[in-house]
There are 4 protein chains.
Amino acid sequence: MTAAPGTHAESSGDLMSDATLLRSMVQVEAAWLDALVRAELAPGLHHDDLVGHLLGLLDDEAGAVLLEAPDNRPVEGLLTLLRSRTDADTAAWLHQGLAQQDVLDTALVLAVKDVLHHVVEQVKAQITALTALAERHAVTPMAAGSAETPTPTTFGAVAVVWLDSIIDAADLVVDARSLLPGQLGGSSGTLASLTEIARLRGEADPLSAAADVVTDVAERLGLRERRAWHTARGSFTRTADALLACTDAWGRLAGDVAALADPAVREVEPAEPRLPALIRQTAEAAPPLGATLHLASAGAAWAGSPGSLGAEWRAMRELARDAAAAATWTTELLDGLGADEARMLAGLQASASAVLEERSALAALVGADAEDDSEPEPYLGIAEDMVVEALERAETFMEENA
Amino acid sequence: MTAAPGTHAESSGDLMSDATLLRSMVQVEAAWLDALVRAELAPGLHHDDLVGHLLGLLDDEAGAVLLEAPDNRPVEGLLTLLRSRTDADTAAWLHQGLAQQDVLDTALVLAVKDVLHHVVEQVKAQITALTALAERHAVTPMAAGSAETPTPTTFGAVAVVWLDSIIDAADLVVDARSLLPGQLGGSSGTLASLTEIARLRGEADPLSAAADVVTDVAERLGLRERRAWHTARGSFTRTADALLACTDAWGRLAGDVAALADPAVREVEPAEPRLPALIRQTAEAAPPLGATLHLASAGAAWAGSPGSLGAEWRAMRELARDAAAAATWTTELLDGLGADEARMLAGLQASASAVLEERSALAALVGADAEDDSEPEPYLGIAEDMVVEALERAETFMEENA
Amino acid sequence: MTAAPGTHAESSGDLMSDATLLRSMVQVEAAWLDALVRAELAPGLHHDDLVGHLLGLLDDEAGAVLLEAPDNRPVEGLLTLLRSRTDADTAAWLHQGLAQQDVLDTALVLAVKDVLHHVVEQVKAQITALTALAERHAVTPMAAGSAETPTPTTFGAVAVVWLDSIIDAADLVVDARSLLPGQLGGSSGTLASLTEIARLRGEADPLSAAADVVTDVAERLGLRERRAWHTARGSFTRTADALLACTDAWGRLAGDVAALADPAVREVEPAEPRLPALIRQTAEAAPPLGATLHLASAGAAWAGSPGSLGAEWRAMRELARDAAAAATWTTELLDGLGADEARMLAGLQASASAVLEERSALAALVGADAEDDSEPEPYLGIAEDMVVEALERAETFMEENA
Amino acid sequence: MTAAPGTHAESSGDLMSDATLLRSMVQVEAAWLDALVRAELAPGLHHDDLVGHLLGLLDDEAGAVLLEAPDNRPVEGLLTLLRSRTDADTAAWLHQGLAQQDVLDTALVLAVKDVLHHVVEQVKAQITALTALAERHAVTPMAAGSAETPTPTTFGAVAVVWLDSIIDAADLVVDARSLLPGQLGGSSGTLASLTEIARLRGEADPLSAAADVVTDVAERLGLRERRAWHTARGSFTRTADALLACTDAWGRLAGDVAALADPAVREVEPAEPRLPALIRQTAEAAPPLGATLHLASAGAAWAGSPGSLGAEWRAMRELARDAAAAATWTTELLDGLGADEARMLAGLQASASAVLEERSALAALVGADAEDDSEPEPYLGIAEDMVVEALERAETFMEENA
């Protein structure tokens, strides 16, 4: 069997895996319980490293079962499993004040965040590759592909349109990543149980005590603090749309590469010919997943089955996993992309007459001397300036996301 | 026939209409030609007000035909119509240096921008209505709807979750609006024809002269300047996704209102009972349109039929028109929304036993005195603080978008 | 302005138009009222030709307004208009026993049925064109396009795969057409009002009298009789899926033609180069419309706003209109499609070595004499038989749908 | 952890599982090789039961890896695995004359066919449950849910609308199942390699010999014989659309049940309250998967990466798995569904005045005596006849699919 093209299996195989999602759930439970103890709302427990202790209880194989049944509520099963393997105090205080939806949402957010990180890292590698291509071919003339009457451009100008689309998309990913919130509000999102615990513990200001716990947990998980979004799913759709912007940009690039690499054209040559089709399949499967997430968001009230893995969870998971794979493939495609300058020039020359006609029409319009038409300059307008401008933007992105 | 609910027909009937789109196309042609004249690349023409002159040539009824046929390239027809009704010089210089795709894209952007403006204005009215609701009902207890075991919340807390979702979406709209670019690059996006004109006119630096024309046109049209995005459709998908975030938020709100207004529940009463269903229909039809735009973006290279109105144009137009209508309906729904505090309280009391049980379990956990359970405080956690926090955010949005 | 390619505007411009839909609504009202009179449930009215009379009252321009507002219930407006323009008896008995949803659904069904008829007629023309292509090129060798290592096929075999897909889709259209039902049940679908009228009129068996009216109306409209499907929208999704099967088949064909017509390949030549892109755009925009219809069907209960034009109506209308246009375009594409046998042969020869290698490996496997490999037969398997078989199937379809 | 509602895990857990799909691939390879031996095109091999032998080589755990990597071509890996574990002759003749796409497509078809069988069995159980409900409640009056002014119907009439939708959908499933074809054509779909083998073996009529092998294999796998559909994916979209018709019907039923089971309504009571939400989530996630399959079908030419698991494979697999689960859930929902006749009557009485008004308007129209209005008959039209008619149809379906 031919090996998978590239390093995806090694570098990103765990992104959004069952094991990753289960670990994320345990991390949420552990961070919450730890904060309760630190705030002295729960009693001191017998574990120096509560996160480590709880993660240690997780038996991946048994655990994975929790995520499989389509009607499952994995948090119920996870709590049963953890409680049966720890001491009575930890078992009793585990999950107090949290809702199951809190755990599912926050765990998914944690796992998605890893994907966004992976995507940004891949984009940086893509920018490096595209920058090199654009610099090398800033004045390499070729025919612009999609027009009916092909007009001249440069391969550098083509490359920086790819580059610009990718940076546009990556900007959305960076923004979405910084806004990913923890879901930490209890069953109505009001922290009522936690506040009650604080009151029962004799806290002078139970509301502040409860709010402080949330702040502490969000900080430790590296997530934005945000009140109650059980029914406000905009964080997920925003993230999904950012990933779609990426798969769009990669899919379009892959489509261009496929067209330019066609046996009859061969102006570029990908090192691994299967990559464009793989990337485009992902780009085609992704938009319906985005639609599912928007529909879930618009219908959050009526379709909700609290604490269960619904259409939203699955669509988000698939979209993120696919986008992570497409990110890696696009990097590989760009790293190994060769350009054939001679064939590009030949392709352009086939359309030379249309250009000459246009130049001569313009000369007639302006009333200029028709002999000008025979001048040798290529008819490339600001193509080179476009490259320069785009490379500056790429540099800025690299600095801001170093 | 019953009148349409509200003011949509009057206030937003022209948004994305045939007439609006045709006028936008003429505005693009006029702004471009005007800039050529001002830059002395085209000769002085015989019109003080070129925009007014060209718009005056447009015969809306005849013109509308241009947009109808599904296989149409309306720019061709529009140019024929305009040229046949103006003087020879204007006819000759009209559209020089532009591509048909430039005109279509920029005109669509202009029309979409009006929709985004309308949406933001409606959101401001919605914020005003929701702020009033949330203030009035900050401590009005009710049962939280979607949980299996309903727990208490307040109607103010429910209202600010709606509010937060709407502001999240509106933030995306405001961002998308500020980024909407003009498409002004000629057929390869390199300004080759315009540069050639500048060279033939004897400009010392034809590249700068050409670039200056673009800057001038973008400024007059109120659009961001951006190079060549014929095949990079991220501006459209970003705008579409922002509108989807709005229809999601409105759809969810409408779903909640429908559930709370159900004859068997009647905790709220909409002034116009048809509005929730209308808003939800829009929210359900919108995500597939977004998917179409992403697919068009991902496949920009292969599916493009330069200069024609394709799937992208139609999906964008429908999505924008629908979102504009849903914006108005949501404002109307919120303006006329009554709340029945007594029924809310009654609804909550039906689930009182579950709350008492939870409180008594927490007391046992903490080891506190069970008599505490009988205390009269409502079990509302930080609900009131959530309202306060959200109202501050709303105020900030209103100030920033005054 | 270049004329639209082909005859679509003339031959199919009225399919699903506003005027067509309004006329269909009037036809439903007229057929119903006529049946009431014939059954002597309504009094004799003063019109020999009730359908003609009511259609004559319709003022298309004023009428079209009824379909425009996105929140409209056009039946209300239509009834007001008709009642104000006819005599008192007709006005009083118009629409008695019908629900608004009955009129909308049945009118849409009538309009859709015309589209299905148009599609089948176009398919028959496509079959004629493809049959001719397949016969002419049954043994014209060429390289099979999509494989990584191209293997030989014939252009006839390629054409009959297109043909088979189109006939498969057309079979679904023919089935869906025969199943399109009238919606004629009154507000609960139980014919309660009509039964009451029959009872008040002194009918011995009011239930039978009411049922007979429905049978009569369905027959006159040429529709299947089916009880109450206000909330059972399978007839629409089935029809939509049949149209999607068509746009899929046409889109795939157009994609193949575009690839084979690429300037670098030129094995086929379409008479009108814009057609493949137009057809593919339709094929790409159609599946999300199908998804909208399925979502509307699955949510028929909750999203319904009785009597209004919702997401379902619009999606159905667009899908049908698009499919009608794509049908015509595909016929035009096939009618004008030229094949270049020499270039096909040259394309195949480029992959000859792969075939030779495979043949020699098979000889080794079987233990046969390697010299066999040099035999001149083309390596085409049952390609010719595939053509023969498909042409028989095409003939059957043509006979059954003559 | 609460057990999953019902028997899904036991009865349908293997449908579309990794193990099932791998076994299906091996079955295809084995049936093919067996047919080669029987036709004496391959030499006699040392296995009485070739299918059993090859299935025995499959190590599920190792094998499952083949399906996981998103860029995988599992047939390559499977062949390597099988060849390394069998004798030289079997290894050499395995897969001769087949294409990888043949194996993938036919294996998917086999696995999908099991799902269709499961769906039909579940539908039969649903028909039994709905028939009982409809008979028991044929004259149980209730308010029709979706109208603005509720009019009377019976619970039996509501149940038979559900029933009709389900039978409509099941008819499509039965048709799709009978049409599922094997994909057995070799790399160009022309059986070229197999024909070459037959020629090398000295067969007098190599074309017939090759065609006979295909007939034999299709028969043994229980699949329809159909030529070459590598690029004609209508069998998949037809199957998917049939499954969507099912999830639509179940989703609509679940929505009605949820509305009628609402705490404020309680006219019906599901035994397991989570089922409606689970079913509706499936119904909401399914249509975008259908759109993906149609897009894959329309773009079969360009997006294909022969022999790999693309967007189509995954969408088909998910849709089938989800539909299988929703089938089981709907059966469970109907088996345990209770109806509260008293509350139904009470709900109807709330709208009695509207009915009285309508009856009195009809009496005035007809000129009948208003006292009639006070007559006690319920205003139910042909509701009971609708039940009778639907039950007959249900009986026919049961007989035809016994």
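**A walk through the A–B salt bridges**

Start by selecting Asp105(B), which is buried at a relative accessible area of 3%. Keep in mind that this is a predicted model.

Next, pick Asp168(B) and Arg393(B), whose side chains form a salt bridge (2.7 Å, N to O). You're looking at helix H8 of chain B at one end and helix H17 (residues 383–400) of chain B at the other, 225 residues apart. Arg393(B) is partly exposed, with 26% relative accessibility.

Stay on Asp168(B) and bring in Arg226(A): here is another salt bridge, again 2.7 Å from N to O. This one crosses between chains, with Arg226(A) in the loop between helix H10 (206–221) and helix H11 (234–261) of chain A. Arg226(A) is buried at 12%.

Now zoom out to both chains. The contact takes 77 residues from chain A and 77 residues from chain B. About 6400 Å² is buried between them, 59% of it from carbon and sulfur atoms. Select Leu200(A), Leu365(A) and Ile382(A): they supply 10% of the area chain A buries against chain B, more than any other three residues.

Last stop: between chain A and chain B, count six salt bridges. One of them joins Asp168(A) to Arg226(B), closest N and O atoms 2.7 Å apart.

How values were computed. Residues are numbered from 1 along each chain as its sequence is written. Chains are lettered from A and ligands numbered from 1 in the order in which they are written. This is a predicted model: local features need pLDDT of at least 70, side-chain atom pairs count only at pLDDT 80 or more; totals for chains, interfaces and linings use all residues. Side-chain values use heavy atoms; hydrogens and water are left out. Contact means heavy atoms within 4.5 Å. Buried area is the accessible area (1.4 Å probe) that two parts lose on being put together, summed over both. A salt bridge is a side-chain nitrogen of Lys or Arg within 4 Å of a carboxyl oxygen of Asp or Glu. Helices (H or I, at least four residues) and strands (E, at least two) are DSSP runs, numbered from the N terminus. Buried means under 20% relative accessible area, exposed over 50%, partly exposed in between (1.4 Å probe, protein chains only).
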